[in-house]
Amino acid sequence: MNHFARRTAAGGAAVIAAAGLLLAAGCGDDDKDTAKDTVGTVTSVIGGPGATTTAEGGYGGMTTTPDATETGTGAPTTTAAAAGESTTISTPNGDITVSGEVYKKYVAVGGASSPLGAPEEAQEAGPDGGEYQDFVGGTIYWSKDAGAHIVWGDIREAWEDEGGANGPLGYPTSDEKDITGGKQSDFTGGTIIWVNGETTVTKN
């Protein structure tokens, strides 16, 4: 399966998980039309090993953080490996290792207990020597020039529509951040903003 197809599947899983959270919270039929908007994006507050990740746009402002059980994947278990530079997580797809710069980012935002959840597959090579790894709630991309950043939600979909890291926008240079009325992610070749359920792509 190609990368775009996997992303589409992962995005569908995130929508299903978010919809499940809304129903669990007691949302009625009137809220079904807004399910896609509530998936939106998730805000990261990145600092270091003690940083936190909170669900905002991505889960309709709810404080519940989806874990592997809520998304139907089974609770992941984590074991440390390779002198703290990697971790191996047991998932329904088998044991999957998260390592290197992707691992450092994963730990900084809360690992499997963050909105990223458990890894879906092994780390893969990206263009120009970069790396990426898919997780239940999004993807961590790393490049030598821009470092490791998370792309998820509607911003990720718009970025992938433009070719992702292989397209004119290139690698992410920031995590998603709050702007007035929405979210923004920066890339080597431009910016994507998400406001009121609408995404706008600006290329350099």
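Predicted model: local features only at pLDDT ≥ 70, side-chain atom pairs only at ≥ 80, totals over all residues.
**Helix H3 and its surroundings**

Helix H3 covers residues 100-108, and its buried residues are Val102, Tyr103, Lys105, Tyr106 and Ala108. An α-helix has 3.6 residues a turn, so residues three or four places apart point the same way. The buried residues of H3 pack against strand S4 (86-91) and strand S5 (94-99), and also against strand S7 (131-135), strand S8 (138-143) and strand S9 (147-151). After the helix comes Gly110, which has a positive phi near 115°.

**Aromatic pairs**

The structure holds five aromatic pairs. One of them joins Tyr106 and Phe135, and it counts as stacked because the ring centres are 4.5 Å apart and the planes stand at 25°. This pair links distant parts of the chain, since Tyr106 belongs to helix H3 and Phe135 to strand S7, 29 residues apart. Both Tyr106 and Phe135 are buried. A stacked pair is also formed by Tyr132 and Tyr141, with 5.2 Å from centre to centre and 25° between the planes. Tyr132 counts as buried because its relative accessibility is 7%, and Tyr141 is likewise buried, with a relative accessible area of 4%. These two tyrosines belong to one aromatic cluster, formed by Tyr132, Tyr141, Trp159, Tyr171 and Phe187.

Most residues other than glycine have a negative phi, and most peptide bonds are trans. Asp128 counts as exposed because its relative accessibility is 67%. Asn196 is not a glycine either, yet its phi is positive at about 50°. The place of Asn196 is the loop between strand S12 (190-195) and strand S13 (198-203), and with 69% relative accessibility Asn196 counts as exposed.

**Salt bridges**

Side chains of opposite charge can pair when their charged atoms come close.

| Salt bridge | N to O distance |
|---|---|
| Glu162 and Lys203 | 2.8 Å |
| Asp186 and Lys177 | 2.6 Å |
| Lys183 and Asp178 | 2.6 Å |

In the salt bridge of Asp186 with Lys177, Asp186 counts as buried at 15% relative accessibility, whereas Lys177 is partly exposed at 33%. In the salt bridge of Lys183 with Asp178, Lys183 counts as buried because its relative accessibility is 6%, whereas Asp178 is partly exposed, with a relative accessible area of 47%. Finally, Glu85, Glu101 and Lys104 are linked with one another in a network of salt bridges.

Key
Residues numbered from 1 in each chain as written. Heavy atoms only, no water. Buried < 20%, exposed > 50% of the residue type's maximum accessible area, 1.4 Å probe, protein only. Helix = DSSP H or I, 4+ residues; strand = E, 2+ residues; numbered from the N terminus. Contact = heavy atoms within 4.5 Å. Phe/Tyr/Trp six-rings, centres within 6.5 Å; stacked < 30°, edge-to-face > 60°. Salt bridge = Lys/Arg side-chain N within 4 Å of Asp/Glu carboxyl O.
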